[in-house]
Amino acid sequence: MTPPVKPEWIAPDRTALVLIDCQVDFGAPEGVMAQSGADIAPAQAALARARALIDAARGAKVAVVFVRLVTRPGAESRVAREAKMRHGGEGPELCLLGTPGAAFTGVAPLPGEMVVSKAKFSAFAGTGFADALRARAIDTLVLAGLTTECCVASSAWAGFEHDFHIFIAEDACAAYAPDLHAGALEALKRSGAFVAPAGEFIRLWK
């Protein structure tokens, strides 16, 4: 049984709540994933929990960071294009710059909150995110968002390698298949992430 989160582990002066890819294409009915047939019900439930998590973080003066995918037509790397072709085709284009699909859904930053734009899975890949966090004396991250096995997990693994403490709000992130969600969380837990319900963080921040 996982022990409860201790207040000092996620104290406001050391912690950032990081919302990953809470965007139309990933989590809204009109987005690319839903239109492609993905079940977005888990994503929408996660976004609802993320809203409560954000409210608690803001109330406790925990830094809130929004990470978003931003892509451009034709900017995908040769390696990424070739990998898609190996799986049978190009696949849908997600979160294209300037399109409604790239907009935040369910949650959104307030003026002054950090927004990190990325072109790859991890929030740390080519973004300067680690340095921006360290400049604020942040060494602990609570992750939420979409999707668990992809960009949330990728950001968590990268966070470990940048020497951040990683916590994951398990019901404020989601995948399009339950087994992917559960498997990703179990793998991260076994490697040092602390996984707990959003309510645990909300309780301590309130």
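Predicted model: local features only at pLDDT ≥ 70, side-chain atom pairs only at ≥ 80, totals over all residues.
Lys61 sits in the loop that links helix 3 to strand 2. Check its backbone while you are there: phi is positive, about 65°, although Lys61 is not a glycine.

For another residue with that kind of backbone, jump to Cys95. Its phi is near 55°, again positive in a residue other than glycine. You'll find Cys95 in the loop between helix 4 (78-86) and strand 3 (114-118). Is Cys95 buried or exposed? Its relative accessible area is 0%, so Cys95 is buried.

One more backbone stop: colour Leu146 and Thr147. The peptide bond running from Leu146 to Thr147 is cis, with omega near -15°. Thr147 belongs to the loop between strand 4 and helix 6.

**The helix pair**

Now show helix 6 (residues 148-161) together with helix 7 (residues 178-190). Their axes come within 10 Å and cross at roughly 10°. An angle under 35 degrees counts as roughly parallel, and helix 6 and helix 7 are therefore roughly parallel to each other.

**The aromatic cluster**

Next, the rings. The whole structure holds 9 aromatic pairs. Start with Trp9 and Phe167, a tilted pair at 6.4 Å centre to centre, with 40° between the planes. Trp9 is in the segment before strand 1 (15-20) and Phe167 is in strand 5 (residues 165-174), so this pair ties together parts that are 158 residues apart in sequence. Trp9 counts as partly exposed, at 27% relative accessibility, while Phe167 counts as buried, at 6%.

Phe194 lies in strand 6 (residues 194-196), so its pairing with Trp9 ties together parts that are 185 residues apart in sequence. Phe194 also counts as buried, at 15% relative accessibility. Complete the selection with Phe201 and Trp205: along with Trp9, Phe167 and Phe194, they form one aromatic cluster.

**Into the core**

Phe201 is a handy way in. Leaving out residues up to four places away in sequence, Phe201 touches Val5, Ile10, Leu53, Val142, Phe167, Ile168, Ala169 and Ala196. Which residues have the most contacts inside the largest nonpolar core? They are Leu17, Leu19, Leu53, Phe201 and Trp205, in a core of 39 residues. Elements that each supply at least two of its residues include strand 1, strand 2 (63-69), strand 4 (140-146) and helix 8 (198-205). Helix 3 provides the largest share of this core, 9 residues. There is also a second, separate core of 29 residues, with Ala63, Val65, Ala123 and Ile166 among them.

Finish on Ala56, in helix 3 (residues 41-60). Ala56 is buried, with a relative accessible area of 4%. Beyond its neighbours within four places in sequence, Ala56 is in contact with Ile202, Trp205 and Lys206.

Definitions and conventions. Residues numbered from 1 in each chain as written. Heavy atoms only, no water. Axes fitted to C-alpha atoms, helices over the stretch in contact; angles between N-to-C directions. Helix = DSSP H or I, 4+ residues; strand = E, 2+ residues; numbered from the N terminus. Parallel < 35°, antiparallel > 145°, perpendicular 65-115°, else oblique. Phe/Tyr/Trp six-rings, centres within 6.5 Å; stacked < 30°, edge-to-face > 60°. Buried < 20%, exposed > 50% of the residue type's maximum accessible area, 1.4 Å probe, protein only. Contact = heavy atoms within 4.5 Å. Core = buried A, V, L, I, M, F, W, Y, C linked by side-chain atoms within 4.5 Å.
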